[in-house]
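Keep the structure open while you read.

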Protein chains: 2
Amino acid sequence: MGERIVIVGGVAAGPKAACRAKRLMPDAEITIVDQDSLISYGGCGIPYFVSGDVSDEKELRSTSFHMVRDERFFREAKGVNVRTLTRAVSIDRKEKALHVEHVETGEKDTLTYDKLVLATGSRPNILPVPGNDLKNVFTISSMHPAMEIKELLAQGKVGKAVIIGGGAIGIEMAEALADLWGVKTTIIEFMPQVLPRIVDKTIAGMVENHLRENGVDVFTGEGATSFKDDGNGNVCAVITPKREVEADLVIMAAGVRPRGELAAEAGLQVSPMGAIIVNQRMQTSDPSIYAAGDCVETYNLVSGKKAFAPLGSVANKQGRVVGDNLAGLPTVFEGVVGSFIMKVFDCCVGATGLSLEVAWSEGFDAVGAMAVQSDRAHFFPTQALMFNHLVVDRATRRVLGLQGFGSMGDGLLARINAAAGLLSRRADVSDFGTLELAYAPPFSTAVDVLNAAANIADNLVAGRLQDVQPEEFDAWMSGTAERPDWAALDLRHPKEAEPFVKTFGDKWVAMVYDEVRANYKKLPKDKTWIIICNAGTRSYEIQLFLKSVGIEDTLVLAGGLNVIRRLGVQWWPEG
Amino acid sequence: MGERIVIVGGVAAGPKAACRAKRLMPDAEITIVDQDSLISYGGCGIPYFVSGDVSDEKELRSTSFHMVRDERFFREAKGVNVRTLTRAVSIDRKEKALHVEHVETGEKDTLTYDKLVLATGSRPNILPVPGNDLKNVFTISSMHPAMEIKELLAQGKVGKAVIIGGGAIGIEMAEALADLWGVKTTIIEFMPQVLPRIVDKTIAGMVENHLRENGVDVFTGEGATSFKDDGNGNVCAVITPKREVEADLVIMAAGVRPRGELAAEAGLQVSPMGAIIVNQRMQTSDPSIYAAGDCVETYNLVSGKKAFAPLGSVANKQGRVVGDNLAGLPTVFEGVVGSFIMKVFDCCVGATGLSLEVAWSEGFDAVGAMAVQSDRAHFFPTQALMFNHLVVDRATRRVLGLQGFGSMGDGLLARINAAAGLLSRRADVSDFGTLELAYAPPFSTAVDVLNAAANIADNLVAGRLQDVQPEEFDAWMSGTAERPDWAALDLRHPKEAEPFVKTFGDKWVAMVYDEVRANYKKLPKDKTWIIICNAGTRSYEIQLFLKSVGIEDTLVLAGGLNVIRRLGVQWWPEG
């Protein structure tokens, strides 16, 4: 008989560690315990199960070759024992024993181990507000609430829904409810933007606008203060300081926290937030005990700081490292960069590394460069605009992060993935500028949007480009910020500029890009010119030219009007 | 008056260098000369112009904001002078003067320079065979032949076409002719596979099969020996040692070579193949003369050897570096990794770094790992198979290259781009295994196909996985290679295995994956088992298990039957 390995947690990291270890050590006796009846499911697929894209929950826990990953599968195909409905109660580290009890029968048992693996996952945050225990208030903690929600939807019992939290899961659930089930859905996010700390406000603004275009109400900067009872114990509304939103269904998607209690109670080191502390070989402070997945603390390879990264893709990678180390292979998991991508109706949003706001909070003197460009050759029929926002450390020119927004498809993924690998290697603006992304007209442009973002960042950091952010420009145009000396210099085609000139009068001057060299002397001298085009590239060129002829008080609208249009501003002229 | 800069060549690198330099040095007096009448066009778009995807050639030389990049545009918008139809005749380096003459009038002129930039591009190879000067035999050297070909197509004069060369341009042109114009098209490639030295034979085989599925004949391993005259000076057929293929139109797409003559005649250093030698700042052996684009020699960052990389994306990056250096910014272009992607009807093929064959020829002891997996979550409705072939140096575990094949879309681009940046940084199999590719079910899988390829490579290099290549397996199944001791062990669902067992008898044994642990003793002992599933992952697991019970003479079919099916083998059973 080989090593006895006991694994607590049967969703992602646990089974991955079990199967890898078993392949490497066919003699090992490996047992997974999980308190749930369903294991080894793709939790990230839950929104697509709720939406109906995935019809049967079994698909979420099936292999690609259509075998359901249940106890029998693990035993017969993998040679791994699984005990479901079995809760890990405590660890006796001295005796190397895990005490468990059956969730339904209460029957107790003790499993001795040579090596223990904790893959206890995370639990969703529950809002500490009145009514959080009402019926039809859910968190997405496992397959079961997802199945309950889908049942409610299928029965036609949900006309209106409120999602608490505008993070990835909240937005995915909102789309699931609104798009296929036609539920009137509202997202309420406490922070001033959706996807806080993941993307910056401009990209978040595009997401919010696109959600609204698809009928989802989005209220940011306000929190739920209570959930209202319909008198029968069912939720009927969500109350915030500003409004009451009717709801037959409420989903709390306000983040998760690690399940580190079992480890902490056994005296293992945990972080202040309760995540299990591990070394790069995923070993806890007890060398016989490993941990992986949502329950551990990891390390951010960009910021150099401790991080919490509850993602299925990370859990799987860590699980494999645990499997290796259980079998004596000294592989390591160095940390995360925080890669992220998400479908939002017809569009997608993604990020990797640090957002500008996070970079600032981590002490970097960072700037953001927005590139707006066709995702493929502009003459190729299926081209669409893509927005890439590159975050760069001014002092070192190191790239700290990338965010993007674009049409649904894998085009944005191609840029996020390209950046992900380089971020941990301290690549700088020049590395990104010359990064050899694959090029052919049906896929990309000769100067890819990611290369372009790096080139813009290069110009920004070198001080050649002076820009104004879309939000600041919008504030001026909306009249919420007074800028009496500002005027817009619109370089676009006269037909594009015309409705703006008509609407805004003296505030908006049109002079076509290729006529500025001939006509710049006609410009009034007493203005701060906000130079405007569709994407910002023509504006940059004209900024440099104007500086060369002594007109130095200019700012380029970062990303041009294409960004402004995607933010859904109120003042956009008709026609 | 600022610096006088003269640039020879107005397609990609030249205009990019000119415009970047002008932005950085508004005082500079910059002149581009080009012997053609059309400049600054997207040459990579020519197949899409011929196909009709792009209706007007002007689109290929327009900005994204729809201004045609002609002499007027460069003068008025960019402040750069352009002289078209002007051939550079010779360089007087001592006098710092370029002698030019007008192509039509023969008028001579001399342009003095402070800095000269050579962006003279490349020219297509012309097959040295009889009939290469017949009418309707073309190379794609510029916009003009493309316009002539499209005119012939539009007039209905092309029923049959032959493309000489199965490289990227040849395949793109074949699709352009066959797909939209319905021309019966044949590709003739001298090497034993299409895309030679770009992808390995398995991926190339998928491309060839997909071309054939779309009605394009592909003959590899044979060269054209002559072009046949119809008696009126028009081509009517291509003759090879094996056949005569009728053709109203022949396109020679047999590679390009650098136009380095102007440089060589001026005494600048050129490579044996005639490419201009430059340093990382794109400076030739004369510090006053820069060069960029298809005419220069560059450096392969993976192999560490000199390289020739005639690509529009590379030309643009080099052009920007020239612009920087003209203006005194000491930026560098370090070299290429060779990123490549291409649409082939409904599929796409891509690569970055070295193919296995090239790696061997460069002296690496390399192995290839094939991962076959859904490009997105297997439960997501739009999922399709993706093939990733990772090339790894056995001794150092360094990743040398990646190739892939998949459905049309940007999914493959996302993996190629992810690899591209890491390749130049000597990333190894572990770096690729833990590479944090963005994950959400509509885009990818928790263990991405690229991570999976790295994991397979890890198992291969460590000697845990012993595999057999699809071509060798196919040779056995086709009867062209005798392997009397081999038998297939098919782990798939009985319904999948059934037609194979029926067709191949004793040669093909079915035992479902999850029953092997219970039933392995039933396997005959005297066989070399070729373990088979759809993708290779179940096979690998069973190989390890069988080894643990003493059955060591096994080989995993690399990539499984999904690869074999895509190769279009003759022996695939009906039903």
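Axes here are lines fitted to C-alpha atoms, for helices over the stretch in contact, and angles run from 0 to 180 degrees between N-to-C directions. The model is predicted.

**The sheet and its helices**

Chain B holds an open sheet of five strands, in the order 21-22-25-24-23, with antiparallel pairing. Strand 21 and strand 23 (366-374) of chain B stand at the edges. Each has a single partner strand, so one side of each is left without a neighbour in the sheet. From one strand to the next, the twist averages 10 degrees.

Within this sheet, strand 22 and strand 25 (residues 399-407) of chain B pair in the antiparallel sense over seven bridges. B:Cys348 stands opposite B:Gly406 in strand 25 of chain B.

Two helices of chain B lie across strand 23 and strand 24 of chain B. Their angles are listed here.

| Helix (chain B) | Residues | Angle to strand 23 of chain B |
|---|---|---|
| Helix 12 | residues 449-461 | about 140 degrees |
| Helix 17 | residues 560-567 | about 90 degrees |

**The interface with chain A**

How many residues of chain B are in contact with chain A? The count is 77 residues of chain B, against 76 residues of chain A. Several elements of chain B each supply at least two residues to this side, including helix 8 (312-326), strand 21 (340-344), strand 22 (347-353) and helix 16 (537-548). Helix 10 of chain B gives the most, with nine residues. The residues on the side of chain B that touches chain A divide into 41 nonpolar, 22 polar and 14 charged.

Note on methods
Residues numbered from 1 in each chain as written. Chains lettered and ligands numbered in written order. Predicted model: local features only at pLDDT ≥ 70, side-chain atom pairs only at ≥ 80, totals over all residues. Contact = placed C-beta atoms within 7 Å. Helix = DSSP H or I, 4+ residues; strand = E, 2+ residues; numbered from the N terminus. Nonpolar A, V, L, I, M, F, W, Y, C, P; charged D, E, K, R; others polar. Pairing = 2+ DSSP bridges.
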